[in-house]
Amino acid sequence: MTNTSTLSEAIRPATIAEQARRRRTFAVISHPDAGKSTLTEALALYASAIQDAGVTHGKSSRHGTVSDWMGMERERGISISSAALQLEYRDTVLNLVDTPGHADFSEDTYRVLAAVDCAVMLIDAAKGFEPQTVKLLEVCKQRGLPIVTVVNKWDRPGLDALGLIDQIGERTDMVPVPLTWPAGIAGEFEGLLDVRTASSIALEAVEGGAQPARETTIDPADLDPHAAQVWDVASEELGLVASSNGDFDAEAFAAAQQTPVLFAAAARNFGVRQLVDLLVDLGSAPTPRVTADGAHRPLEGGFSGFVFKVQAGANTAHRDHIAYLRICSGVFERGMVITNSRTGRPFATKYAHRVLGREREAVEQAWPGDVVGLVNATSLRVGDSLYQDEPVTFPEIPHFSPELFVTVRAKDPGRYKQFRRGIEQLDHEGVIQVLRSELRGDQAPVLAAVGQLQFEVAEQRMRTEFNAPVALEQLSYTLARRIPAAPSSLPDSFRGGEILRRSDGECIAIFGDRWKLGHFADAFPDVTLELIGA
Ligand code: GDP
């Protein structure tokens, strides 16, 4: 039964399929300072922002992020929520979903990867693989996401191109297939060999900034022998990689067995056009999403989506609460009444927004792959599935292995009721993971996180929103494992660790370090320890 009464003039399935085909929903994964903001700005030079106000001014808006969140710049609204940037290029809509980094690295950073169909892994040419890239890469691999690798800052001294290709192969467990290759070593960037167009493109000596790079196609044979040599070397190197790694194969890329590699200098907007073209030509459009019962939700079916991020308390005055929704099927229309599959409750989507930088813009219609922010949808939690007519539940977004642990207690014991309510709410929203044990008691549960900001947000919201200021005390644990079917004989604590329960009932062991984990495994050989989120 399909009730299309709320849809504007019968939107045909073919239209939905066509709109889905036009979409590329992706995230950039990188370590801080690799150039994610610079790349985002450069992308926006080629692909025009669908809505322009205050979009992607890199650092400035990102710096606003944490401070706004913390209420210092409340007046400015919700700048933290540049959750997704929508760009249009060659009749394709690019949805760039932000992966918060730096100090705001948190479980959110991992969760947004559930909302994308493709990832761009950005590597600093001088640094190669860095820890945060590796962590995010692991999550992408678990999700089976196709990954495009971009080696950035080739205009600065860095590692050797062939060495980087080897490193990419080893670290990603995918076959790297260069689709552009630099002429000139890092720091002496002359131009690019573009494999897809079989052309040589010289980098003009223009500084980066507000212009797309000027590209001049050259024939190295016309250059003087000295200048031509750089291009000859590039050709040889590229040939070498091609002979060992083979040609690009779209299926192998989609299956995350190959990663196409591009070289770029985002600060000069060079090599970036090739990335946008690659995403449009070869990137993955939304496909029918797998549901919790293993079926596939057809793109052209009734509207459905899931919440991958919830932001609350950004603006305490207005009790702002935005749930970000990734659309999986059908068409979303503002005002549509949708149902939350967890609660079975319907609600109206009067306040649906695209949130860009500091601006909000009402969304009238959105399609599979798009991201919509639902304002004041306070009942929504991360992982909730939403639909219009045809019920669906998508798989839960997994928990991720926390690495930071604190105990939390109410500063004022008289406000214990508010304390408990607040902690429960933050737990539900997925702001932090809450772990309990008899040993710790309900007065001082353990909060677990992947990034420090999660604690700061929790502390702030407990104070301002729940009126229950808390004291946090750091614990010296650094890793966690899940214990499936935990025997009741396990102690709450042991040397260098503890065993607690997460609110979903899972038994979680936390350890000081790998050695403590090893000791535990020796002492309890029958207990299985599983990675969380794997
Ligand atoms: P993010 O932390 O990953 O968002 O990195 P940013 O985009 O803020 O870049 C970090 C620093 O690297 C800034 O000073 C940028 O100007 C610089 N940068 C980024 N891309 C390039 C590049 O292609 N070449 C050079 N030379 N510098 C770059």
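Residues are numbered from 1 along each chain, following the sequence as it is written. Because the model is predicted, local features are reported where the pLDDT is at least 70 and side-chain atom pairs where it is 80 or more, whereas totals for chains, interfaces and linings use all residues. The pLDDT is the predictor's confidence in each residue, on a scale from 0 to 100. The chain averages a pLDDT of 85, and 86% of the residues score at least 70. Over residues 1-6 the pLDDT is below 50, and this stretch has eight contacts in the model beyond near neighbours in sequence; two residues are in contact if their C-beta atoms, placed from the backbone, lie within 7 Å. The pLDDT is also below 50 over residues 51-81, a stretch with 74 contacts beyond near neighbours in sequence. For the model as scored by the predictor, the ipTM is 0.99 and the pTM is 0.85.

The ligand is surrounded by 17 residues, of which Gly35, Lys36, Ser37, Thr38 and Ala267 are the closest; a residue is near a molecule or strand if its C-beta atom, placed from the backbone, lies within 6 Å of it. Two or more residues of this shell come from each of helix 2 (36-46) and helix 3 (58-69), where helices (H or I, at least four residues) and strands (E, at least two) are DSSP runs numbered from the N terminus. Helix 2 gives the most to the shell, with three residues. By residue class, the shell divides into five nonpolar, six polar and six charged residues; Ala, Val, Leu, Ile, Met, Phe, Trp, Tyr, Cys and Pro count as nonpolar, Asp, Glu, Lys and Arg as charged, and the others, Gly among them, as polar.

Strands of a sheet pair through backbone hydrogen bonds, either parallel or antiparallel. Here two strands are said to pair if DSSP finds at least two bridges between them. Strand 1 (residues 23-30) is largely enclosed by the rest of the structure, because eight of its eight residues are buried, a residue being buried if 20 or more other C-beta atoms, placed from the backbone, lie within 10 Å of its own, exposed if 12 or fewer do, and partly exposed in between. Arg23, Thr25, Ala27 and Ile29 point one way from strand 1, while Arg24, Phe26, Val28 and Ser30 point the other way. Strand 1 runs parallel to strand 4 (residues 92-97), joined by five bridges, and Arg23 stands opposite Val93 in strand 4. Five bridges also pair strand 1 in the parallel sense with strand 5 (residues 118-124), in which Val120 lies opposite Val28.

An open sheet of four strands, with antiparallel pairing, has the order 8-9-10-11. Strand 8 (180-183) and strand 11 (215-218) stand at the edges with a single partner strand each, so one side of each is left without a neighbour in the sheet. Strand 8 and strand 9 (residues 191-194) are paired over four bridges, with Pro182 opposite Leu192 in strand 9. Strand 9 is likewise paired with strand 10 (residues 199-203) over four bridges, and Gly191 has Ala202 in strand 10 as its bridge partner. Strand 9 and strand 10 form a hairpin with four residues between them, where Ala198 in the turn has a positive phi of about 50°. Four bridges join strand 10 to strand 11, and Ile201 stands opposite Thr217 in strand 11.
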